[in-house]
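Subject: Structure handover and notes

Dear colleague,

I am passing on the structure we spoke about, together with my notes on it.

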Number of protein chains: 2
Amino acid sequence: MQRLQQAAVKSDYAYKQTGYLSNNIGARLSGSPQAERSVQWVAEQMRKLGLDVRLQPCMVPHWVRGEEHGELIEWDGMAPGTTQKVFLTALGGSIATPAEGMTAEIVVVKDFDELACLGRDKIAGKIVLFNFKFDRELQASGFGGAAYGQAVQYRFGGAMAAARLGAVGVLVRSAGGSQNRLVHTGSMGYADGVTKIPGAAVSYEDAEKIAWLAATGKVKIKLTLTPQTLHDAPSFNVIADLKGSEKPDEVVIVSGHLDSWDLGSGAIDDGAGVAVAMSVPALIKQLGLKPKRTIRFIAWMNEENGGRGSAAYAAEQEKNIGNHFAALESDLGASHPLGFYFTGKPEMAAFFAPISKVLLAQGAAQVQLQAGGVGADIGPLTQRGVPSFAPWFNQQSYFNYHHTAADTFDKVDPREIAEVSSVMTVLAFGLANLEQPLPR
Amino acid sequence: MQRLQQAAVKSDYAYKQTGYLSNNIGARLSGSPQAERSVQWVAEQMRKLGLDVRLQPCMVPHWVRGEEHGELIEWDGMAPGTTQKVFLTALGGSIATPAEGMTAEIVVVKDFDELACLGRDKIAGKIVLFNFKFDRELQASGFGGAAYGQAVQYRFGGAMAAARLGAVGVLVRSAGGSQNRLVHTGSMGYADGVTKIPGAAVSYEDAEKIAWLAATGKVKIKLTLTPQTLHDAPSFNVIADLKGSEKPDEVVIVSGHLDSWDLGSGAIDDGAGVAVAMSVPALIKQLGLKPKRTIRFIAWMNEENGGRGSAAYAAEQEKNIGNHFAALESDLGASHPLGFYFTGKPEMAAFFAPISKVLLAQGAAQVQLQAGGVGADIGPLTQRGVPSFAPWFNQQSYFNYHHTAADTFDKVDPREIAEVSSVMTVLAFGLANLEQPLPR
C-alpha cells in the first residue's frame, strides 16, 4: 500500500485521462455521440491495461438541449424599445416552450412557503422564479453538499409546486455558489397528474436583478426553450476486472460516472472520478502487484438523469450481492482529499487503521461514517448492504462549477487529482487484500 | 467635512442610484437607447437636487454587437459529428465575419514574441489565439490594474499584429481574472494600412482547452461575428453645477462615466462612479452646506470606446483650464477605498492633511501620487495641469468583472459604496473650500 501511495501521488495518469475525456471528447450527456465515444475509449484504455472488459447494456433517457433564450421585455424604468437578456439554461428533462417562446409576468418567491402563501390567485398564468439563495457561508465552512442539498429542492421540485398553482413556467436561481453569470443545469422532476411546465435556471445575477425589478413593478419575460426528449437510447456501463489472485469471485468496485451534463466538459463531474477509478488498476499493474480479491473498475452510464446504468448493474447482480466485498465511487471532483467516507456498520472502522496509516503521508487519514450512503451509482449496492466508500474532499469549490459551463479541465489540479488516485488505489487495494470480511 | 463623512457612510443614495442605472436602465453602450435614457435620467436627478444642469453634445461611435458564435469543428479525438462550443464575445469595434461565419485553423501563441517567431508562413490564413495569461497573483496582491495592463495589450493590439502576418481573424484570452467561462469585451484597435480582421475574446477556459488540443493536433474553429459600425450618433455629457459661494468661477469636478459595455449592466464600470459623483452634491445639499468654489458634477459619455465626451469638454474649456481647480473621477468600481490617488505636483500632498484626517475615521486616509494620471475622462485636464484625483480602491475583484456579463449590481456592496461616496464628497468639498490654490 505504501508503494502504491508513493507511486500514485507522483502519477499523472488520472490527470491526463481527465484531460482526454473532457477536452478531447468533451461533454457526455446520456445518449449523445460523445457519451458513446467515451464508452469505447474507456473500454479501449482498460483493454490496454490487460483487463477483462465488457460493456453492460442499458437504455438511457435521451434529452437534447435546444435553443434557450430569455429576455425581460417589460419592467419599471426601461428605455423604450429595449430588453434585458436573462442568462438561463433549460433544466434537464424540461419540456419545451412554444417554438416562438412564451411571454408572462414573473412572480418572485424565496421558497415553497412563500409560494403557498401567495396561492393560486397570484400564481396562475405566471412564471414563478424561485429565488432561493445558495448558502455560500455554509459552503465556505466546508459543507458545500449541504448548501447544494437545500437549493436543489427547487430545481427538482419547483416546476411541480408552481404548476399545482397554475403557473405556466418555472425559473430557479442557479443551485451553486458562482457569482459570474453562470447557470447551473441538472435534473428537474414532473409528477403524474400535474401539468408539465417548462423549467430553466437563471444565474445568481439575473435572479437578483429580477427580484429588484419585481419589487417596484411588473416584470415580464419572454422565455424560449426548445429541448426535446427523444426515444431512449442504447448505452453501456464499462466494466473491467483485474482478477483477484486468491478470491477472484469477491469484488471491490472502483468507479465514477462517465456521463455528464452538456454545458461544460464534464471534467470535475465526473471525468475526474472515472479517471481516478481508471488509475486504480493502472497503478496496481504499473507496480506489478496482484490483489487477492478482484478489483472491478466501472464507468457508470447515466448518473445525471436517470441512474439507468447503476440500476442495470444492481439488477444483474441481485443474486451475487454477497460477493461484493466493497464498492468505491468518486463523484465530487478532484480537490485535495482529507481521507474517506464510508457507509456500513460503524465497527468496520477498526479495519481501516492500516489503510489510513499509509494515507497519513499525504494528509488524507480522516475516516468518517456517512449514514445515508456515499455515492449515487453505488447507492443500490449500499442499500443491499455492500460496504461503500468515497473520497472525502474539500468541497469549497466543487459546487461553484459542477453542472455549469465552467466544469472544465482547468479546474483539475494535477497534484490534487494524484492525491485522489492515491486514496482510491490504497483503499481499494487494502480492502481487496483484507484478511477478514468486513462486518455487514 | 466631518459631518459630510458621517452622513456619507450612512447614506444609501449612491447605492440606490447605482441600482437604478444598472438594473432599471441596464447596459449603456454609446449610441444605445439605454445610454440616451441614462442621460435624461441623470439630468433629471440633478435638476431635482436644484443644480444648474446642461447637456453638452458630442458625437459618439455607434457600434452594435450582433450574433456571436464559435464552435470547434475539428480536433484530435473528436466524436464523429460533434462540435465544441467556444464561449466568446466580439471585441468592441470589431468588423464582422461573413454572415455565414469563417472557418480556419487556430494557431495558439502566448504573446507577441511567439507570434513574431512563427512568422508569416505559419500565420497566414489562420486565426491567431493570443493565450496571454492574466496574472492572478499580481491581482491578488492588490495590483489588478497592472495585471490588466499587461493583458489588455493583446485585446487592443492583437488584431493588428496578427493581420500584419496574414491572419484572417484574432482571438484573445479574456483580459480578466474570472475562471467561470466569462468573456471580457473592450475596445480593439485597427491601424491604417493593415487589413482589418475580426476579433473576439474567448473565456479563460476556452483558451486553455484550445491550447491543450492544439498541442496534439489541428484545431479548426467556425467563427461567426456580425457586429455593425453605424454612423456616429449624437449624445451628451451631463454637467450640473453646484455654484460656489465665494469663487463660483473656479470649479472642482466630480465625475464618473455614464456609458458602459453592453454585456453586463454597467454597475461597477461605471454606474457606481456616476452614482458616487451624484452623491457629492446630494450630500452637500442634504446637510445644507455651501462650497466656496463651484462643484461640477459630470457624467461623461463614451469613455469605453472613444472618449468623445471628455474630448468635447476639454475642447470647450481650452481657454478656461486655469479655472479648473481640481478634477475627480471614480472609475474602478466601488469596493472599500483606502484613500485617494492624485496626479500633480508632489508638494500639493501637504494640503491634504485635514482631508485625510477626516477620512481616517473610515480607514481611507492613504494618499498616493500617481504619475501617469488617475482617470481616462479627466485625462485631458490632467495633461493640461489640472490637479487630478481618484479614490484608491482595493482592486482584488474589479478586474474579474468589468467589461463582462457579470458587471452587475449585486457586485456593489451598500456599505462599501457609501465609503466611496464619503471619500469623493469629503475630498471634493475640502478642495472646493481650500484657502490657497494648489501648486501646479
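I begin at the end of chain B, where B:Q436 counts as exposed because 6 other C-beta atoms lie within 10 Å of its own. B:Q436 belongs to the segment after α13 of chain B, and although 85 residues of sequence separate B:Q436 from B:F351, their C-alpha atoms are 8.9 Å apart in space. Please keep in mind throughout that this is a predicted model, and that every value below was computed from it.

B:E137 sits in helix α5 (residues 136-140) of chain B, and its C-alpha atom is separated by 8.7 Å from that of B:A147, which is 10 residues away along the chain.

Turning to chain A as a whole, I find 13 helices and 16 strands. The C-alpha trace of chain A spans about 75 × 40 × 35 Å along its principal axes. Chain A has a radius of gyration of 23 Å, which agrees with the value near 22 Å that a compact globule of 440 residues would have. Of the 440 residues in chain A, 59% count as buried, and of the contacts in this chain between residues at least 6 apart in sequence, 83% join residues at least 24 apart.

How many residues of chain A are in contact with chain B? There are 34 of them, and they meet 34 residues of chain B. On the chain A side, α2 (13-25), α3 (33-48) and α7 (204-214) each supply at least two of the residues that touch chain B. Sorted by class, that side of chain A comprises 13 nonpolar, 13 polar and 8 charged residues.

The crossing of α8(B) past α13(B) is right-handed. From α8(B) the contact takes B:A272, B:V276, B:A277, B:S279, B:V280, B:L283 and B:I284, while α13(B) contributes B:I417, B:V420, B:S421, B:M424, B:T425, B:A428 and B:F429.

On the α2(B) side the contact is formed by B:Y13, B:A14, B:Q17, B:T18, B:L21 and B:S22, and the residues supplied by α8(B) include B:A267, B:G271, B:A272 and B:V276. The class count for the contact of α2(B) with α8(B) is 10 nonpolar, 5 polar and no charged residues.

Helix α1 (residues 2-10) of chain B has B:L4, B:Q5, B:A7 and B:A8 as its buried residues, and the buried residues of α1(B) pack against α8, α10 (353-359) and α13 of chain B.

The peptide bond from A:D269 to A:D270 is cis, with omega near 5 degrees, and A:D270 lies in helix α8 (residues 267-286) of chain A. In chain B, the peptide bond from B:D269 to B:D270 is likewise cis, with omega near 5 degrees, and B:D270 lies in helix α8 of chain B.

Which phi values are positive in residues other than glycine? One is that of A:R181, near 60 degrees, and another is that of A:H403, about 70 degrees. A:R181 is in the loop between β7 (169-173) and β8 (199-202) of chain A, and A:R181 is buried because 26 other C-beta atoms lie within 10 Å. A:H403 is in the loop between α12 (398-401) and α13 (414-432) of chain A, and A:H403 is likewise buried, with 31 other C-beta atoms within 10 Å.

Note on methods:
Residues are numbered from 1 along each chain as its sequence is written. Chains are lettered from A and ligands numbered from 1 in the order in which they are written. This is a predicted model: local features need pLDDT of at least 70, side-chain atom pairs count only at pLDDT 80 or more; totals for chains, interfaces and linings use all residues. Two residues are in contact if their C-beta atoms, placed from the backbone, lie within 7 Å. Helices (H or I, at least four residues) and strands (E, at least two) are DSSP runs, numbered from the N terminus. Ala, Val, Leu, Ile, Met, Phe, Trp, Tyr, Cys and Pro count as nonpolar, Asp, Glu, Lys and Arg as charged, and the others, Gly among them, as polar. The radius of gyration is taken over C-alpha atoms; the globule rule is 2.2 Å times the number of residues to the power 0.38. A residue is buried if 20 or more other C-beta atoms lie within 10 Å of its own, exposed if 12 or fewer, and partly exposed in between; C-beta atoms are placed from the backbone. A crossing is left-handed if the near helix is turned anticlockwise from the far one by less than a right angle, and right-handed if clockwise.
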